[in-house]
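Trainee: I have a new model open and would like to walk through it with you. Where shall we begin?

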Amino acid sequence: MSGHDVKTAEVIVLKDGEAVAQHMAHWLLEQALAKKDGPFVISLSGGTTPKRLFQILAEPDIAARFPWSNTQIFYGDERYVPTSDPASNYTMSRETLLDHVSLPLANVHPMPTDADPETDAARYQKELQAVYGANELQPGKPLFDVVMLGMGPDGHTASLFPRQPVLKERTKWVATCTPDNAPHTRLTLTYPAIHSSRHVVFLLEGAGKAEMLARVRKGDDSLPSCHITSEGDVTFLIDEAAAQDL
Ligand SMILES: O=C1O[C@H](COP(=O)(O)O)[C@@H](O)[C@H](O)[C@H]1O
């Protein structure tokens with residue numbers, strides 16, 4: 001996988017959403033097994049796209065080989081709702097994946113949503129810092145092995161929404177965002193936190209993603225997804241429907 005930003009990113013096109021989810025699951029297993037010098041740290045994306053991937057990771061064939069005890073699970077964004085709310089990204093991942101594998105509880109890091117958004121963003125940053133082992137991001141020492149991302153119909157990714165102050169955040173690792181046209185306040189990783197990664201992988205499927213993806217690849221910098229970078233590599237793993245305007 002190669003390319004430090006969305007314009008130079010490798011684009012892998014597979015037949016359909018099932019093929020994308022299968023490819024990602026096997027690739028993640030390889031990455032996790034290859035990680036020998038510390039924990040395998042992953043940030044999961046939210047929304048509906050990763051659901052099938054999570055189910056595949058929970059199937060016995062992969063789940064039995066995945067080094068769960070060496071894996072730390074974080075989230076790229078969260079809707080500021082209780083975990084009982086069906087909009088919770090954490091809850092979707094728990095129901096499809098976490099409840100079905102031998103992952104120590106201490107290795108799962110849902111974004112907290114029980115104080116207030118600013119306090120909880122700061123708490124989550126501290127939780128990341130504890131696993132990272134430092135309070136400042138250092139080039140050459142990526143925070144994440146893998147950051148999974150999706151993309152919304154307005155070009156948002158994680159909860160980096162168009163025109164929001166969070167897009168200018170260069171210091172915090174986690175921040176709040178209250179989008180104009182989405183129902184919930186969000187917590188989100190910021191650009192610098194996502195940049196501190198070995199691999200960023202956008203998972204996109206369906207014709208609904210096609211136009212936005214084409215605009216991102218052409219460099220429409222009004223779209224938050226356009227500004228995603230990684231000190232490692234950025235890859236688009238997409239299906240044929242999402243690729244139709246490329
Ligand atoms: O709001 C969100 O949307 C994007 C895309 O979601 P999807 O349902 O089209 O897969 C997602 O990546 C982000 O994490 C989420 O919170």
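Mentor: Begin with strand β6, residues 174-177. Keep in mind that this model is predicted.

Trainee: Which residues of β6 point one way, and which the other way?
Mentor: All of them are buried, on both sides of the strand. A175 and C177 point one way. Pointing the other way are V174 and T176.

Trainee: How many bridges join β6 to β7?
Mentor: Strand β7 covers residues 186-189 and runs antiparallel to β6. V174 stands opposite L189. T176 has L187 as its bridge partner. The bridges between the two strands number four.

Trainee: Which strands stand at the edges of this sheet?
Mentor: The sheet is open, with three strands in the order β4-β7-β6 and antiparallel pairing. Each edge strand has a single partner, so one side of it is left without a neighbour in the sheet. The edge strands are β4 (77-79) and β6.

Trainee: By how many degrees are neighbouring strands of this sheet turned against each other on average?
Mentor: Strand direction is ignored for this angle. The average is 20 degrees.

Trainee: Which helix lies across β6 and β7?
Mentor: Look at residues 117-132. They run at about 155 degrees to β6. The helix is α5.

Trainee: Which residue stands opposite F236?
Mentor: F236 is in β9. That strand pairs with β8 in the parallel sense, over six bridges. Opposite F236 stands F202.

Trainee: What separation lies between the C-alpha atoms of L204 and P50?
Mentor: Along the chain, the two are 154 residues apart. L204 also has contacts beyond its neighbours within four places in sequence, including G150, L213 and F236. The C-alpha atoms of L204 and P50 are separated by 9.1 Å.

Trainee: Where do the buried residues of helix α7 fall, seen down its axis?
Mentor: The helix covers residues 210-217, and its buried residues are M212, L213 and V216. Seen down the axis, they fall within an arc of 100 degrees, so they line one face of the helix.

Trainee: What covers those buried residues of α7?
Mentor: Look to two strands, at 197-204 and 233-239. The cover includes β8 and β9.

Trainee: Which residue takes a positive phi just after α7?
Mentor: The angle is about 90 degrees. The residue is G219.

Trainee: Last, the ligand. How many residues around it are polar?
Mentor: The shell holds 13 residues, and G46, G47, T48, T49 and G150 come nearest. Two residues of the shell are nonpolar and one is charged. The polar ones number 10.

How values were computed
Residues numbered from 1 in each chain as written. Predicted model: local features only at pLDDT ≥ 70, side-chain atom pairs only at ≥ 80, totals over all residues. Near = placed C-beta within 6 Å. Nonpolar A, V, L, I, M, F, W, Y, C, P; charged D, E, K, R; others polar. Buried ≥ 20, exposed ≤ 12 C-beta atoms within 10 Å, placed from the backbone. Arc of directions from axis to C-beta. Contact = placed C-beta atoms within 7 Å. Pairing = 2+ DSSP bridges. Axes fitted to C-alpha atoms, helices over the stretch in contact; angles between N-to-C directions.
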